[in-house]
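Please open the model in a viewer and keep the sequence panel at hand. Each stop below names a selection and then describes what is found there.

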Amino acid sequence: MRDSCFAGSLLELLAQIPDPRGRRGRRHPLPAMLTAVVCAILTGSRGYRAIAHWVRSQNATVWQWLGFHRKPPCTNSFRNLLLALKPEVLETILRHWMATV
């Protein structure tokens with residue numbers, strides 16, 4: 001595994017989370033979306049709209065670094081994902097990641 005202070009390790013950890021979305025709702029990679037959520041929150045974003053705005057305001061290099069292969073999703077995609085995801089699962093992964101950073 002790469003040095004834990006890089007986003008690569010966060011992406012790898014978030015990839016372990018089972019995707020709660022239906023087959024039709026998987027347009028964007030789950031680890032990319034969750035990493036975007038974490039980064040947006042760490043930079044002060046609060047709420048679905050702010051998270052989507054933060055991600056979309058980054059340049060394409062950051063999108064690729066986060067794991068997106070196309071333009072990042074809109075507000076509702078983040079909302080639907082976070083409502084479907086069990087908070088305990090995400091919390092466990094983030095606690096592990098923070099302990100290594």
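**Conventions**

This is a predicted model, in which local features need pLDDT of at least 70 and side-chain atom pairs count only at pLDDT 80 or more, while totals for chains, interfaces and linings use all residues. Residues are numbered from 1 along each chain as its sequence is written, and side-chain values use heavy atoms, with hydrogens and water left out.

Helices are DSSP runs of H or I with at least four residues, strands are runs of E with at least two, and both are numbered from the N terminus. Two packed helices are described by the angle between their axes and the distance between the axes. The axes are lines fitted to C-alpha atoms, for helices over the stretch in contact, and the angles run from 0 to 180 degrees between N-to-C directions. Angles under 35 degrees count as roughly parallel, over 145 as roughly antiparallel, 65 to 115 as roughly perpendicular, and the rest as oblique.

**Stop 1: helix 2 and helix 5**

Select residues 30-42, which form helix 2, together with residues 75-84, which form helix 5. Their axes come within 11 Å and cross at roughly 100°. Helix 2 is therefore roughly perpendicular to helix 5. To see the contact (heavy atoms within 4.5 Å), display the side chains of Leu30, Met33, Leu34, Ala36 and Val37 in helix 2, which meet Ser77, Phe78, Leu81 and Leu82 in helix 5. By class, this contact of helix 2 with helix 5 has eight nonpolar residues, one polar residue and no charged residues. In this classification, Ala, Val, Leu, Ile, Met, Phe, Trp, Tyr, Cys and Pro count as nonpolar, Asp, Glu, Lys and Arg as charged, and the others, Gly among them, as polar.

**Stop 2: helix 2 and helix 3**

The contact of helix 2 with helix 3 has eight nonpolar residues, with no polar and no charged residues.

**Stop 3: helix 3 and helix 5**

Now select residues 48-57, helix 3, and return to helix 5. At what angle do helix 3 and helix 5 pack? The angle is about 125°, and the axes are 8 Å apart. Helix 3 is therefore oblique to helix 5. The contact is made by Tyr48, Arg49, Ile51, Ala52 and Val55 of helix 3 and by Thr75, Phe78, Arg79, Leu82 and Leu83 of helix 5. By class, the contact of helix 3 with helix 5 has seven nonpolar, one polar and two charged residues.

Not counting residues up to four places away in sequence, Thr75 touches Tyr48, Arg49 and Ala52. Thr75 counts as partly exposed at 25% relative accessibility (buried means under 20% relative accessible area, exposed over 50%, partly exposed in between, with a 1.4 Å probe and protein chains only). A distance drawn from the C-alpha atom of Thr75 to that of Trp97, 22 residues apart along the chain, spans 25 Å.

**Stop 4: salt bridges**

How many salt bridges does a search of the whole structure find? The search finds three, a salt bridge being a side-chain nitrogen of Lys or Arg within 4 Å of a carboxyl oxygen of Asp or Glu.

Select Arg95 and Glu91, whose closest N and O atoms are 2.7 Å apart. Both lie in helix 6 (residues 87-100), four residues apart, about one turn of the helix. Arg95 is exposed, with a relative accessible area of 53%, and Glu91 is partly exposed at 39%. Elsewhere, salt bridges that share partners join Asp19, Arg21 and Arg26 into one network.

Move to Asp19, which is partly exposed at 22%. Arg21 forms a salt bridge with Asp19, the closest N and O atoms being 2.7 Å apart; Arg21 is buried at 12%. The side chains of Arg26 and Asp19 also meet in a salt bridge, at 3.8 Å from N to O. Arg26 is partly exposed, with a relative accessible area of 44%.

**Stop 5: Arg27**

Finally, select Arg27 in the loop between helix 1 (7-14) and helix 2. Arg27 counts as exposed at 58% relative accessibility. The C-alpha atoms of Arg27 and Pro73, 46 residues apart along the chain, are separated by 8.6 Å.
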